[in-house]
Every structure is written in C-alpha cells, then in structure tokens.
Amino acid sequence: MAIRNKPVDVVIVGLGWTGAILAIELAKAGLEVLALERGEDQDTVPDWAYPKVVDEIAQSARNGLLQNLSKTTVTLRHDQADRALPYRQIGSFKPGTGVGGAGIHWSGVHSRVMPEELRLKSHVTERYGRKFIPEGMQLQDWGITYDELEPHFDRFEYVCGTSGKAGNIGGVKSPGGNPFEAARSREFPLPPLKDPPTSVLFAKATRELGYNPYSLPAANASQPYRNPYGCDIGPCNFCGFCSDYGCINYSKASPQTTILPALRQMKNFSYKTNAHVVRVNTASDGKTATGVTYIDGQGREVEQPAGMVVLAAFHLHNVRLMLSSKIGKPYDPKTGEGVIGRNFCYQVLNSINTFFDKSTYINPFMGSGGVGQAIDDFNADNFDHGPHGFIGGGVIWGRQTGAGPVRGIPLPKGAPKWGSSWKQAVKDNYLHTGRIEAQMSNMAYRGAFLDLDPTYRDAYGEPLLRMTLDWQDNDLRMSEFFGDKLNAIAKAMGATSASGRIIKRGDHWDTRAYQSTHINGGTSMGADPKTSAVNKYLQSWDVPNLFVLGANVFTHGICYNPTGLVGALAYWAAANIRDTYLKSPGPMVRT
Amino acid sequence: MSKDTDRRAFLKGSVLLPALGAAACSPPATHQDDLAASAPAAATPAAADYKPAFFTPAEWAFVQAACARLIPNDANGPGALELGVPQFIDRQMGTPYGAAAAWYMQGPFFEGKPEFGYQSQLTPKQQYRLGIRAIDAWCAKTHGKVLADLDAKTQDDVLKQVEAGKVKSDDLPLDVFFTAFLLKNVMEGYFGDPMYGGNRDMAAWKMIGHPGARADFLEWVDKPAAYPYGPVDLHGRQA
C-alpha cells in the first residue's frame with residue numbers, strides 16, 4: 001500500500017521554469033505549495049561554480065545536466081506505419097533534469113511571439129484564403145491574444161533581467177530595435193549585450209542586403225540587475241560555456257538566479273527532490289484531481305493528495321502524464337479526433353558554418369547563449385507568402401554562443417575528418433569560423449502526434465512516450481527558401497566558404513544531431529475542447545483543478561525560441577488562477 | 001587551493017558582491033563545504049608509466065597505433081599518442097560512460113533507419129572489445145599482422161576502409177565503432193581538459209588557440225583580434 005502524505009493546497013510536478021513561476025505566485029497568494037522534482041537539487045554554488053562547470057567533457061560530451069535516458073526516454077518514428085525505436089542517446093533535443101530543469105542548460109534567447117501566430121488559422125485564411133492551407137495541415141488558433149499576454153511577457157522579461165532594445169513601445173516605433181516587433185509596454189530591463197565578431201559581421205551584411213538587423217533579446221544580463229523578487233543578477237562575461245552549462249556568473253536567467261532564492265524563504269512553500277511523478281490521481285467522477293502518485297528516491301510509491309495539481313515538468317513528461325493518467329481524450333490520427341497527443345510539433349533549423357580568412361578573428365570560444373544579431377524580415381508573416389506557397393517563417397541570426405573544441409570544430413566542405421590534413425584544417429579554421437542559423441516554425445499535421453509506446457517501458461515500468469513526426473513538404477520548401485537566404489548572407493559577410501545543414505526536400509527528421517530542445521504541442525490550448533486539451537488559462541477542459549503548463553500547450557511550433565512564451569503563459573495562468581479561479585474554483589471557460 | 005585559483009576565485013567572486021547586499025533574496029551564504037564541492041575532479045594528467053586498467057596488452061597496442069594515425073605527431077604539433085589520448089580512453093572505460101549508464105539500453109533491439117541513431121545493446125566497453133578484435137583479425141587475415149604491427153601507410157589505409165564501412169564483422173558494424181566511438185573519443189581526449197588524461201600540457205589548445213578554462217572575455221568579446229593569452233586548465237595551470 002502506498003505511503004500517503006499530508007494533503008497540500010497545490011502540488012506542482014517539476015521545479016523548472018514553469019514550476020518555479022507557479023510556485024512563487026501561488027505561494028504569494030497564500031496557498032500551501034509543494035513542488036515535486038524528479039531530479040536532484042542543484043544550485044550555482046557548488047554545482048556551476050567556476051572552474052568546475054566549464055568542463056566540456058563533463059557537460060557537453062557526457063551531458064552532465066541532461067535527463068538520464070536509462071531512467072526514462074521516448075521512442076521515435078517518422079510515420080504511423082513504422083515501428084518506433086527508443087531515443088537511446090541524447091541527440092536532436094536535450095531534456096534537462098533536476099531543480100531548475102532545462103532552465104539551467106538553455107542558451108537564454110528570450111523572444112516573445114508574433115501576434116498573428118496566436119491566431120494562425122484565422123490569419124492565414126484572412127490573408128491568403130482557405131485554399132492556401134495544404135491538406136493534412138492542422139492549423140488552429142490558440143484562443144488567446146498577444147495583447148492579453150503582453151503584461152506577462154513583460155513580467156517574465158523583468159524577472160529574467162533580459163537584455164535588448166525595444167523596436168516598438170506601445171505601437172510607436174523605437175529606433176535601434178526590431179522594426180517588426182510586436183508592441184511592448186516598455187523598454188527591456190537591460191540594454192543589449194556587446195556584439196561578438198559573428199554578430200557584427202552578420203549585422204553589417206544583412207543591413208547591406210536591405211534587411212533590418214536587431215539585437216536578439218537575451219536572458220543573459222548585460223549589467224548588474226535586481227529583479228522584482230529582489231534577486232540579484234550579475235553581468236555576463238561571455239565565458240563561452242552557456243548552452244549545456246549552468247552559469248558561473250549568476251548572469252543567465254534560471255529559476256536558481258531569478259526565483260528560487262525568494263521562493264525558498266517562503267514558509268508555505270516546500271519541495272522534494274528524487275520524486276518522480278507517475279500519475280495524476282482523479283476522483284471516481286473523473287473530473288477532479290485528488291493529487292499525484294510519485295516514486296521516491298528509495299523506490300517507494302507515495303501518494304500526495306492536493307486540492308490542485310499543476311503539471312510543470314518538461315514537455316515530454318507533461319504529455320505522458322496526461323496519457324498515463326487517462327485525462328482528456330487521446331488523439332487518434334485516423335479520425336483526427338481527440339486532444340492528448342494532438343499537434344505535436346518541433347521547429348525546423350538550418351545551421352551553417354561561415355569560414356573566414358586568417359585576418360578575420362571570430363574567436364568562437366567567447367560568447368553567450370543569447371547574444372547575437374537577428375533579422376525578422378522573414379519571420380512569421382512579415383513578408384508576403386503568396387508567391388512562395390508555404391506557411392510559416394523564421395528568424396535568421398548570427399549568434400556567438402561559445403564553442404570549444406570538444407563540442408566539435410566545424411571545417412569547410414571536403415576537409416578530412418582525421419590525420420595530418422585534418423590537423424592543419426582545425427589549426428587554420430578554429431579561430432576564424434562563425435555560425436549563422438535560420439530557426440523556422442513547424443506546422444501541426446494530422447499525422448504528427450504523441451501517444452504511449454506499446455513496446456518500450458522505462459525504469460519505473462511505465463510505457464515510454466512515442467513521437468511520430470517527420471518534415472512535411474510545406475516545411476521543407478520553407479527550409480529551402482531560408483537556406484538560400486542563409487547562403488546569401490554568408491557570402492555578404494565575406495565568408496570564404498560555408499558548410500552545414502540545410503534541410504531540403506527528401507530529408508527526414510534526423511534525431512542524431514543536436515538541433516534544439518524546442519519540441520512542442522501535444523496538449524494544445526484553445527477555445528474548442530474538441531481540438532484543445534486546455535483552455536486559454538491552461539486549465540484542463542476535463543479536470544478543472546488541473547493546470548498544464550509548458551510548450552506542450554502550443555498549437556504549432558512558433559518561429560521564435562519558446563521560453564519567452566512558455567514563461568509568459570505561466571505568469572498568465574498564475575494571475576488567472578489567483579484572481580479568478582481561487583475565488584470560484586471550477587471551469588474558467590464554459591462550453 | 002593554489003595561488004592562481006585563489007586569484008580567479010576572487011575575480012569571479014567580485015561579480016557576486018552586489019548579490020550579497022540584496023535584502024529580500026540574496027543567495028544563501030556560501031559555506032566552505034560548498035566551495036570545496038565546486039572544485040573540479042582530481043587532476044591526473046597523462047603519465048609516462050601509465051598501465052591500462054581496461055585494455056588488454058593487445059588492445060592497448062591497437063589503441064596507441066590508432067591514436068598515432070588519427071591525430072599524428074607532425075609539424076603542427078604533437079599527436080594524440082604524445083598527448084596521452086590512449087590513457088584518456090582507457091580511463092573513460094571505467095566511468096559510467098564506459099558502461100552506457102546514461103543511455104536507454106532496454107530491449108528489444110532493432111536495426112532502424114540511420115536517422116534514429118544508436119540502436120545496439122553494446123556499451124562503449126563492448127564496442128572497443130569487439131571492434132578492436134574484429135579489425136585486428138581482418139588485418140591479420142589481409143596483411144598477416146595486427147594493426148599495431150603494420151606500417152603507417154597501411155594503418156591509414158585500414159582505418160580508411162573501416163571508416164568507409166568496407167571492413168565487415170558479424171559482431172558489430174565497424175564503421176559505427178570507428179566514427180561514434182574510436183574517433184569521437186580520440187577527439188574528446190585530445191581537446192578535453194588535461195585532468196582527464198589527454199591534452200598533455202594543453203598542447204592541443206595551444207595548437208588551435210583555444211584558451212581552455214579562462215572563461216572570462218568581457219573586455220575582449222567586441223575585439224575581432226587575436227586573443228593574447230595562453231590557455232588555463234581546470235586546476236589553474238597556465239601554458
């Protein structure tokens with residue numbers, strides 16, 4: 001028989017970004033909040049203190065901060081007709097673990113969302129007509145507007161101490177910022193970071209090509225900063241150990257630098273680590289969550305009763321918990337009915353290395369996760385898609401995130417992979433190589449979805465989540481369009497050559513090489529319970545005292561990096577729980 | 001703590017000073033225990049008299065020969081053998097990595113499209129054991145000697161054929177062993193911190209201009225010029 005803990009008001013599954021946000025906001029509302037984290041406790045000191053953490057072997061080669069796949073993973077396939085195989089090693093995406101979650105090893109790119117993306121189906125239909133949407137593409141509106149979210153984007157940026165330059169304050173264009181930016185209520189909390197060489201070359205080249213470069217918003221602080229919770233953030237020193245690493249300088253925003261120091265002092269908040277939640281428990285009516293069941297560090301099953309359950313784990317685990325807890329109707333790709341697992345998306349990423357002659361120093365070992373110059377000229381619907389015949393867009397950037405030799409030294413096409421000629425090539429190229437990328441949206445399709453694998457189980461005996469996903473013609477043609485833009489920019493930057501990965505027609509999702517951790521969808525938000533798992537307040541349509549956070553609520557893969565939107569949605573949900581739900585618990589949207 | 005680490009601990013500490021003054025939410029006081037835990041693992045750089053713990057004498061000869069060809073000693077600098085990379089690989093076999101401790105290793109195992117990555121139940125240790133045996137057996141059959149006893153040109157030729165998938169074994173795909181284990185680990189050892197047993201005296205970092213663990217470029221990031229300082233390792237040694 002399971003051990004039964006004392007009931008709490010709110011149990012939160014996962015103590016990463018969204019868990020920390022919900023925990024502090026609901027604790028401030030006076031609730032007794034308990035967070036259950038499957039991984040270990042960790043903090044800047046001692047875990048990411050200098051010099052221990054700036055170790056490419058431990059962090060990049062051996063994935064020190066990432067999910068241990070021997071405990072749990074996913075299975076993958078391109079098509080429903082295929083047998084799915086396990087994701088046995090870290091490759092295309094990097095789920096985190098432990099307190100802080102993926103908010104520790106992320107880069108820090110901190111964008112919002114383009115307003116039309118939140119009403120994509122309506123927008124595409126209005127501008128291009130219904131027939132512009134290809135067969136099998138499952139466009140949906142998100143059931144929420146950019147204006148509703150704006151205060152919460154602002155809030156999350158001010159919590160993070162985000163560096164950037166506004167391009168549009170209250171509808172008035174602000175010189176020096178991104179001219180395509182959606183209106184923001186005020187300037188960024190901190191000015192942009194200094195530009196490293198790749199970004200300088202990228203900005204110059206794109207300006208010459210007639211585009212509009214801007215400083216990418218970065219949750220890597222450009223100056224000392226104190227956030228609204230009273231947490232102090234130190235300035236980034238461009239150490240070059242950012243993505244894959246915890247921050248040595250309290251500069252890259254994470255739950256540890258921005259929220260947890262304040263949260264830990266609250267008497268009505270507590271957390272447990274090594275608590276792996278396997279089930280959301282529901283009452284016999286199936287409409288009320290009664291708490292969760294977790295496996296503790298000793299392998300014992302523990303029941304945690306709670307008045308409200310918040311799923312705040314990483315995407316994969318949130319979706320799997322909905323499926324294994326049998327909450328909401330599982331999606332069936334044959335009929336297109338059901339909501340849990342629906343609209344599983346990723347992003348499309350093209351990445352090319354730009355090689356310069358020996359007089360051009362890039363010094364790729366210097367950098368910061370979010371620093372860079374970007375253009376939005378081809379983002380979202382900032383350009384006329386009519387002549388191109390695809391839906392979607394992307395942000396193109398010249399970032400310099402920090403690159404060491406264990407992470408791989410890119411070489412021009414045709415260079416050998418070993419031997420004396422390889423050695424000559426790495427010596428000639430290492431200091432003179434930059435990287436530019438196009439990060440593009442990924443539309444939802446009827447045949448791309450998540451469900452439970454019938455064969456493979458994890459260390460807890462639970463079925464693995466199964467991913468069915470491949471690139472579709474619309475996205476591949478978009479990718480080729482962006483590939484051409486990237487090559488033209490590389491040339492304008494003065495690169496002597498370029499090599500890398502442009503995804504083109506005929507290519508399939510390659511799960512081996514790292515792309516990004518921006519997987520999304522599976523428990524979409526929306527206005528219609530037939531096509532969404534949660535309403536606009538991220539409240540389960542089926543179980544009103546269950547809230548589901550994370551990029552799994554996206555209805556398609558947006559162009560920008562997801563963390564800004566994930567954080568804003570968490571603040572939005574928290575504000576509505578506090579101001580509306582707590583006063584009158586029950587469904588916040590009537591159908 | 002060496003003088004040099006002291007200095008850097010102080011420099012790093014300086015950015016934290018404002019944090020200590022925060023009222024509502026200063027980070028918890030750092031204890032001596034925490035600082036001790038933030039030290040890197042013990043440094044055991046490449047040793048001249050190293051005795052392998054995992055590899056047999058025959059395997060050790062193979063690993064040394066392969067290292068010498070994959071990253072040769074030449075005019076650009078010392079090679080993988082000189083920098084201790086065989087020691088790095090031998091020691092890695094004794095870590096959780098050698099046993100694939102963080103990989104999903106439950107069956108059933110099926111071959112799949114290459115896009116789905118590694119689908120074998122062989123751990124890195126088993127890859128080396130079987131891979132070396134198969135390549136040496138092929139060398140013996142084809143050339144009458146194991147890899148380590150062949151001349152450099154023939155060794156290069158064998159390794160190229162293995163890399164291209166032309167050398168077959170019933171036990172495992174040798175091109176995967178070559179690319180995903182042998183070559184990958186050689187690169188890790190050559191460029192990793194010297195405390196892991198390779199990159200002796202940071203010579204690989206010096207060759208390419210990588211400053212190792214310096215990790216502090218605020219004054220340099222906007223200067224597109226040669227960075228003037230040599231590398232520092234995780235234990236504060238400079239080269």
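Buried area is the accessible area, taken with a 1.4 Å probe, that two parts lose on being put together, summed over both. Keep in mind as you look that this is a predicted model. Between chain B and chain A, the buried area comes to about 7000 Å², and carbon and sulfur atoms give 62% of that area. On the chain B side, Tyr104(B), Phe116(B) and Val221(B) lose the most area to chain A, and together they make up 12% of what that side buries.

Now for the residues that take part. Chain B brings 90 residues to the contact, and chain A brings 79 residues. There are 34 residue pairs in polar contact between chain B and chain A, counting pairs with both residues at pLDDT 80 or more. Several helices of chain B, among them H1 (3–14), H4 (57–70) and H7 (152–163), each supply at least two residues of the side that touches chain A. H8(B) gives the most to that side, with 8 residues. Sorted by class, the side of chain B that touches chain A holds 52 nonpolar, 19 polar and 19 charged residues.

Charges also pair up here: 4 salt bridges are found across the interface of chain B and chain A.

Chain B has 9 helices and 0 strands. Of the 239 residues in chain B, 47% are buried. Among contacts in chain B with a separation of 6 or more, 63% come from residues 24 or more positions apart.

Terms used
Residues numbered from 1 in each chain as written. Chains lettered and ligands numbered in written order. Predicted model: local features only at pLDDT ≥ 70, side-chain atom pairs only at ≥ 80, totals over all residues. Heavy atoms only, no water. Contact = heavy atoms within 4.5 Å. Salt bridge = Lys/Arg side-chain N within 4 Å of Asp/Glu carboxyl O. Polar contact = N/O pair within 3.5 Å; in protein donor to acceptor, adjacent residues only side chain to side chain. Helix = DSSP H or I, 4+ residues; strand = E, 2+ residues; numbered from the N terminus. Nonpolar A, V, L, I, M, F, W, Y, C, P; charged D, E, K, R; others polar. Buried < 20%, exposed > 50% of the residue type's maximum accessible area, 1.4 Å probe, protein only.
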